[in-house]
Amino acid sequence: EDGLAARGVVRSPDQLELTEAELKQEITRTLTANNPHAPRDIVRFSFKEQAYKMVDDIDQTAVHFTLNGYLIPRDSDEGRRQSIRSSIQEEEAPIKEEKAPEEPPVEEPAEATEEEEAKDEEHAEDAEAAEEGEGTEAAEAAEAAEAAEATEGEEPPRQKAPEKKLANQFNFIERGSATYHNPLREKGLQTDPAPFETFSDNANQWCIYDAYMEELERIEKTKEKEKTKPLAVKKEDKKTGRKLSFVEALHSDSLSKVARAAKIAERMVSLNTFDDIAQDFKYFEDASDEFRGQEGTLLPLWKFQYEKTKKLAVTAICWNPKYKDLFAVGYGSYDFMKQGYGMVLLYTLKNPSFPEYSFSSDSGVMCLDFHSDHPHLLAVGFYDGNVAIYNLKKASSQPSYKSSAKLGKHTEPVWQVKWQKDDMDNNSNFFSVSSDGRIVSWTLVKNELVHMDVIKLSADGTAMQGPEGLQLQTFGSGISFDFHKKIDYLFLVGTEEGKIYKCSKSYSSQFLDVFEAHHMAVDTISWNPFHLKIFISCSSDWTVKIWDHTIKTPIFVYDLGTAVGDVAWSSYSSTVFAAVTIDGQARVFDLNINKLEPLCTQLVVTRKKNKATHIQFNPAYPIILVGDEKGLVTCLKLSPNLRKMPKGKKGQEVKKGPEVEIEKLEKLLSLVRQPGKKE
C-alpha cells in the first residue's frame with residue numbers, strides 16, 4: 001500500500017511559479033574575463049610628454065588567495081649551505097647519544113673496544129671538518145672515513161640516515177631591469193614670412209551680379225559632369241582578335257566589388273534553394289493538357305514578399321524592357337482612410353527571396369513605368385499628387401527628380417504614368433493622369449522637371465450651382481490612360497464616371513471621340529500590342545470590353561460576375577488576354593480558340609479577405625505576375641493550352657511575326673463586326 005500511494009511534488013516555499021512560455025524562454029548569460037571592480041579612466045602623469053595621459057592597459061586580475069612561500073632553490077648558494085648543515089647535524093646526532101650518562105661497565109671482548117675507539121676517532125675527525133664550514137673539506141672527511149672502514153674489514157658498514165629532499169624542485173632566478181628613460185629634446189624651426197600684398201577695389205552692383213552668375217554657371221557645370229555617361233574603353237581579345245568594349249566605372253571602390261561578389265553568391269544560394277521551381281519554370285510542361293481539350297492551367301512558381309510591405313497593397317507591376325527577369329512593384333493603399341507610407345521594390349527571378357532595389361516614400365505609390373530606351377529610369381506616381389523619377393544607376397534611396405507644389409503637382413492621386421518618345425531636343429518626357437482631371441506632360445530639362453498641361457477632362461452637363469447663382473465648371477476624374485503604339489499623338493483616357501475619351505496631344509480643348517464604356521470607373525485601358533485599332537478596358541461593374549476605336553460600341557463584352565481589378569494583353573499573341581477579379585481568381589482568354597468563355601479560371605489568392613489587384617504578362621517568358629492587397633506577388637506559368645500557336649498545313653512553314661497576329665485578329669473581328677460596316 002505504501003508503494004502504490006501517490007507521490008506528491010514538494011516545492012520550496014520561495015520557488016517562483018512560471019508559465020510554460022516563461023519556462024521555454026532561453027536566457028543567455030555571457031561570461032567575460034574582465035574584472036567588474038577594476039578601476040576605469042586612470043590618469044597618470046607622463047614625464048616624457050609632460051602631460052597627463054589615460055592608462056590604456058588596466059590589470060583585470062582579481063586575487064582571491066595569496067601565500068608567501070619559504071622555499072628556496074636547491075642549486076642556489078643558500079640551498080647548498082643548508083644541505084651541508086643538515087648532513088653535519090645528522091652525523092653529530094649519534095655522538096651526542098654516546099655522551100649520555102654512563103651505565104655499569106660490562107665486560108666486552110677486546111676486539112669490540114678497539115672498534116669503538118676507531119669509531120670515536122672517525123667521529124672526532126668528522127666534527128672537526130664540519131666546523132670549518134666548507135663543502136670540500138666535508139667531502140675529504142667522508143673519503144677518509146670510507147678508507148678507514150675499508151682497512152677494518154671486520155666492522156660492518158654503518159647505515160646512513162636518508163637525506164631530506166627540498167620540496168621546491170623549480171629553478172628560478174629573480175632579475176631586475178630598468179627601462180631606458182628617453183631624454184626630452186627640443187626642436188625648433190624657422191620659416192620665411194608669408195608674402196603679403198596690399199590691394200584695393202570698389203564693389204559695384206554689377207560686380208556682385210557677375211560674381212553670382214559665375215558661381216551659378218560653375219554649379220551647373222559640375223552637375224552636368226555628374227550626369228555624363230562613363231566612357232567606353234575598348235580592348236582587343238588576343239584569341240579572337242575582336243575589339244571588346246566595356247563600360248568603365250567612374251568610381252570603382254573595393255566595397256562595391258565585394259558587394260557585387262556577395263550579390264552573385266546570394267543568387268547562387270537562392271537558385272540552389274529554389275532549384276525545383278527553376279526547373280519547373282524552364283522545362284515543365286503540363287502533360288495533362290492533352291486530356292483537357294481546350295482548357296489550361298496556371299502553375300504557381302515563386303512568391304515574392306517583403307517584410308515591410310505585408311500591410312500594403314500591390315498597386316502597380318511593371319516589367320523591365322531590357323532585363324526580362326527584372327520587374328518593379330509599387331506598394332500603397334487604395335483605401336483613402338488608411339493612407340501611409342509607400343514603397344517601390346525591384347525583384348528578379350534569379351533571387352526571389354530579397355528585392356534587388358528598395359525605395360521608400362512618405363506617400364503611397366499608385367503607379368510606375370520603365371523607360372523603354374533608358375531602362376534605368378523609373379517614373380513613379382504617388383497618392384499625394386507628386387511624381388518622381390528614380391535612377392537605378394545611382395546608389396541613392398531618394399528620387400533624382402520629384403515634383404512639388406511650385407512645379408505643378410497634381411492635387412489628387414496620380415493613377416497612371418507612361419513614358420513617351422523623347423522630344424525634339426532629345427529630352428525624356430512622360431505623362432501622368434490624376435483624379436483632378438489634368439493630364440500633364442513632364443519633361444526632364446537639365447536638373448528639373450518641367451510640366452505642361454496637355455488636356456483637362458470636363459464633366460459634360462454637370463455644372464454646379466455656386467453662390468449667387470454662379471455656374472461652377474466641374475472637371476472629370478481620370479483613372480487610367482494609354483498611348484497608341486504607332487500614332488504618337490493619339491491616346492485614350494478612362495474616367496471615374498465610366499467614360500473613355502479618345503484624345504490628341506495637339507488638341508487641348510476638345511476630345512476626338514467619347515465612348516460610353518462602363519457604369520463605374522474604368523480601372524484599366526490598354527491598346528492591343530499588335531492590332532492598331534483594338535483596345536481593351538475593364539471596370540468595377542464586373543465587365544471586360546474589347547473595342548475598335550473607330551466604332552462606338554464594344555466588339556466583345558465579358559461579364560465576370562464580380563469587380564475586375566486589372567486586365568492585360570499577352571506579349572506573344574494578339575488574341576490572348578488575362579484579367580483578375582477581387583475574389584482572387586485569374587482568368588485567361590484566347591479569342592482565337594473560344595470567344596465566349598475563358599480557357600482557364602484559377603484561384604490565385606487563397607487567403608480570406610484578400611483581393612487580387614494587378615496582373616502582367618512577361619514580355620519574353622510564358623509567365624504572369626499577380627499582385628494582391630496583402631503585398632504578395634505570385635508568379636505563375638501558363639500551360640501549353642494557354643499559349644497555342646497556329647498550326648500550318650502539311651508541307652508548309654508556320655508563319656510568325658506581327659503580321660500573322662494582326663491577320664489572325666482581323667479575321668476574327670470580321671466575323672463579329674456588323675455586316676456592311678466599312679472599316
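Is Phe-47 buried or exposed? The legends below take up this residue and other parts of the predicted model.

**View 1. Phe-47 lies in the loop between β1 and β2.** Phe-47 has a relative accessibility of 56% and therefore counts as exposed, since the cut-off for that class is over 50%.

**View 2. A nonpolar patch on the surface includes Phe-47.** The patch is formed by Val-43, Phe-45, Phe-47, Tyr-52 and Met-54. Together these residues have about 560 Å² of accessible area. Two elements each give two or more residues to the patch, namely β1 (43-46) and β2 (51-54).

View 3. A disulfide is a covalent bond between the sulfur atoms of two cysteines. Cys-207 has a relative accessible area of 35% and is partly exposed, because this value falls between the limits of 20% and 50%. Cys-367, with a relative accessible area of 4%, is buried, because this value is under 20%.

**View 4. Residues 150-155 and 461-466 are stretches with pLDDT below 50.** For the protein chain, the mean pLDDT is 78, and 77% of the residues reach 70 or more. Residues 150-155 have a pLDDT below 50, and this stretch makes four contacts in the model beyond near neighbours in sequence. Residues 461-466 also have a pLDDT below 50, with eleven contacts in the model beyond near neighbours in sequence. Where pLDDT is low, the predicted coordinates should not be read in detail.

Methods. Residues are numbered from 1 along each chain as its sequence is written. This is a predicted model: local features need pLDDT of at least 70, side-chain atom pairs count only at pLDDT 80 or more; totals for chains, interfaces and linings use all residues. Side-chain values use heavy atoms; hydrogens and water are left out. pLDDT is the predictor's confidence in each residue, from 0 to 100. Contact means heavy atoms within 4.5 Å. Patches are made of residues with over 30% relative accessible area and no salt bridge: like charges are joined within 9 Å, nonpolar side chains (Val, Leu, Ile, Met, Phe, Trp, Tyr) within 5 Å. Accessible areas come from the Shrake-Rupley method with a 1.4 Å probe; for residues, only the protein chains shown count as cover. A salt bridge is a side-chain nitrogen of Lys or Arg within 4 Å of a carboxyl oxygen of Asp or Glu. Helices (H or I, at least four residues) and strands (E, at least two) are DSSP runs, numbered from the N terminus. Buried means under 20% relative accessible area, exposed over 50%, partly exposed in between (1.4 Å probe, protein chains only).
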